[in-house]
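Subject: Structure handover, aromatic contacts

Hello,

Here is the structure for you to look at. My notes on its aromatic rings follow below.

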Amino acid sequence: MAKNLVIVESPAKAKTIEGYLGKDFTVKSSYGHVRDLVKSGMGIKVEKNFEPIYEVSPDKQQVISELQKLVKKADTVWLATDEDREGEAISWHLFETLDLKKDKVKRIVFHEITKKAITEAIKNPRTIDKNLVDAQQARRILDRLVGFELSPVLWKKVKPQLSAGRVQSVTVRLIVEREREIDVFKVSGSFRVVALFESNGKTFKAELPKRFSTQEEAEKVLNSCKSGGFTVKTLEVKPGKRSSSAPFTTSTLQQEASRKLGYSVAQTMVLAQRLYESGKITYMRTDSVNLSQDAIDMAKKMIVKNYGEKYHEARQYKNKIASAQEAHEAIRPTDMNLEEVDADSREQKLYALIWKRAVASQMSDAILEKTVVTITSDHTDHDFVATGEVIKFDGFLKVYMESSDDENQEEQEGILPPLKQGDKLRLEEVTATERFTYPPARYTEASLVKKLEELGIGRPSTYAPTISTVQKRGYVVKEERQGRERNYRVLTLKGSKMKKETKTEITGAEKNKLFPTDIGMLVNDFLVLNFKDILDYNFTAYVEKEFDDIANGDLKWQKMIKEFYGPFHTNVEVTEKESERVTGERILGKDPATGLTVLVRVGRFGPMAQIGAQDEVEKPRYAKIRGDQRLDQITLEEALDLFRLPRNLGQFEDKDVVVSIGRFGPYVRLGDSFVSLKKEDDPYTISYDLAVERIRDKRKADAEKIIKTFKEDPTVQILKGRWGPYISFGDRNLRIPKDTDPKKLTLAAIRELAEKTPVTSGRKTAFRKKAVKSK
């Protein structure tokens with residue numbers, strides 16, 4: 001047995017580190033946190049100065065048992081978890097759970113998994129930083145207090161099984177408020193006038209700086225251009241430059257990976273974690289833009305060698321965020337010379353992005369030349385302006401250009417032909433196009449991270465889980481929505497002829513945007529009304545600053561929790577007693593067929609429409625509201641339309657073909673068989689022929705999944721699954737043992753396997769079976 005036991009939190013990290021250390025070191029993984037607040041009850045002794053009650057997670061009992069055996073045989077235990085607060089807390093929980101002795105334990109940290117970094121860490125161990133641990137504990141305890149006391153209030157006042165979180169609730173508020181800004185936004189139109197001029201056989205565009213609010217004004221301007229006589233009034237050439245962006249922080253990596261690669265925030269963090277644990281990049285949870293001197297020197301050598309001396313410019317960036325931990329380093333490749341690494345395609349794309357950004361940050365400015373030309377005529381009161389931009393030296397642009405969140409950018413400036421003051425220009429044509437104002441853009445995951453960072457809400461380690469949590473809880477959905485057609489007017493003057501057209505465009509189309517659900521809006525409104533402090537942006541940012549103070553040793557965590565909890569607990573008690581129950585109920589009118597009241601509200605199973613108030617009928621009729629409809633906007637006609645389901649489309653194979661919407665979305669039913677409809681299928685309008693086609697498609701897909709069946713027992717099948725072959729055994733799904741050929745399995749062997757495999761709970765089994773059926 002090796003004399004040194006190194007414990008990390010990830011098996012991938014353990015494997016990489018083990019390769020750098022000699023035979024005297026054994027490296028093992030804790031598989032993340034081993035201990036957390038108990039799940040039964042609050043898990044905090046409020047009366048004993050908020051003392052937390054921890055328990056070893058059930059799935060970590062075996063891990064702890066194995067580590068305890070190894071600890072007894074080791075002379076020294078090296079705790080090598082990540083360098084942030086979560087990593088420090090994992091080390092502390094391991095210290096406590098394994099009952100380690102201080103003289104036997106050494107804490108080491110590193111921001112990259114390379115031989116040099118690991119060797120340096122071994123040479124410079126330290127003790128566990130209790131301040132960092134306390135900051136993590138304070139966050140965990142505060143969030144448990146808020147969730148434990150606030151969630152029951154939501155159960156009583158809004159809907160059962162809801163939950164509330166401190167940072168998550170503020171995140172939902174941002175999305176709800178943005179949606180309401182869009183709701184009240186008034187779109188206005190104006191005419192943009194663009195001319196096409198010709199000089200020495202080359203054409204270029206110029207625009208009037210002013211927009212015109214009416215068609216009459218635009219038409220008058222175009223008519224004044226008929227006489228021509230355009231000349232270059234002024235020509236100004238301005239030198240310019242463009243500088244590279246800082247290397248990535250967690251936030252900027254999440255934003256750019258979303259814009260350039262289409263990755264979700266959570267996906268980016270999973271891929272970055274793999275790259276870090278395999279030693280390819282530095283630590284991926286950081287808010288620092290610093291680069292180490294080693295990295296700057298490495299970048300210089302690579303840039304000079306590959307691009308030349310003039311492309312290199314050493315830079316050290318300063319962080320704009322006051323709370324940034326400058327001791328950490330920005331995200332960068334561990335080896336700047338490697339433009340590509342051995343990884344799967346998604347990891348390679350993310351690595352390439354990190355490499356380009358880090359290398360570009362140490363490259364020269366791009367040198368530009370911007371030309372601004374003013375064009376005038378004696379026959380019009382307005383001067384046209386043409387701008388052109390030429391890159392004289394590409395600098396960092398040779399490697400990388402940052403993307404933007406602005407969805408409504410005008411077209412890029414082009415290159416102008418050679419011009420000089422007094423040149424006569426020929427007008428090819430001039431157009432006045434009706435353009436419209438845009439409402440504020442809905443948040444993407446990336447732009448939401450940017451907003452949270454600007455407000456000081458959350459930290460690098462919390463952005464991804466926060467955004468994932470609000471979606472899992474059903475408060476927010478990320479989806480695509482189709483746009484609608486809109487008419488716009490175009491006036492074109494060519495020669496002396498004016499052409500007037502009405503064209504159409506698609507507006508309002510959304511891709512991967514965050515929308516609040518009805519439940520999300522209802523919960524937000526209730527919390528904003530009754531818990532102003534918890535939902536206040538400045539208060540949430542202040543709490544984050546207090547966590548930083550605890551981490552720096554400037555504040556005791558118990559004092560911070562106590563100051564928060566007193567007023568908060570009182571607020572909870574008052575709200576439980578005095579606030580009204582909310583359902584978002586709206587009465588829309590009367591049902592023409594029955595004369596009963598039609599209303600919408602949030603019920604036990606979510607937003608729904610209802611025909612018949614409680615005082616009108618004993619059993620009202622209910623219909624689930626569609627995902628693209630909202631309680632505060634649905635009309636009487638739209639609500640009545642919901643009651644058209646289920647629709648019986650006719651018979652196929654002597655069975656009814658019925659279309660409806662269930663818990664898992666729209667479906668078509670044939671007898672006892674259910675087939676999910678595709679995203680583009682509308683259950684309210686789908687035809688009989690298309691519904692039958694979906695049934696046939698499902699049968700074909702199911703047939704292709706079958707690897708083997710058994711005549712003796714039709715309830716047993718070997719099927720292809722999402723994660724490989726598996727056995728469908730009655731109402732259970734069984735894993736096929738490793739290195740077993742599914743085609744060679746006999747019925748007897750399967751039955752023997754079924755006897756040896758523990759039966760999971762009925763609910764879990766049913767869920768797993770349903771998940772398989774719905775694929």
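Start with Arg35: this residue lies over the face of Trp92, 5.4 Å from the ring centre. A charge counts as over a ring if NZ of Lys or CZ of Arg is within 6 Å of the ring centre and within 35 degrees of the ring normal. Arg481 also sits over a ring face, that of Phe515, at 3.6 Å from the ring centre.

A word on the source. This is a predicted model, where local features need pLDDT of at least 70 and side-chain atom pairs count only at pLDDT 80 or more, while totals for chains, interfaces and linings use all residues. Residues are numbered from 1 along each chain as its sequence is written, and side-chain values use heavy atoms, with hydrogens and water left out.

Now the ring pairs. Searching the whole structure gives 14 aromatic pairs. Rings of Phe, Tyr and Trp (its six-membered ring) pair if their centres lie within 6.5 Å; planes under 30 degrees apart are stacked, over 60 edge-to-face, the rest tilted.

One of them is Phe50 with Tyr565, edge-to-face, at 5.6 Å centre to centre and 75° between the planes. Phe50 is in the loop between β4 (44-45) and β5 (51-52), Tyr565 in helix α16 (residues 557-578), 515 residues apart. Helices (H or I, at least four residues) and strands (E, at least two) are DSSP runs, numbered from the N terminus.

Finally, ring pairs join Phe197, Phe204, Phe230 and Phe384 into a cluster.

Best wishes
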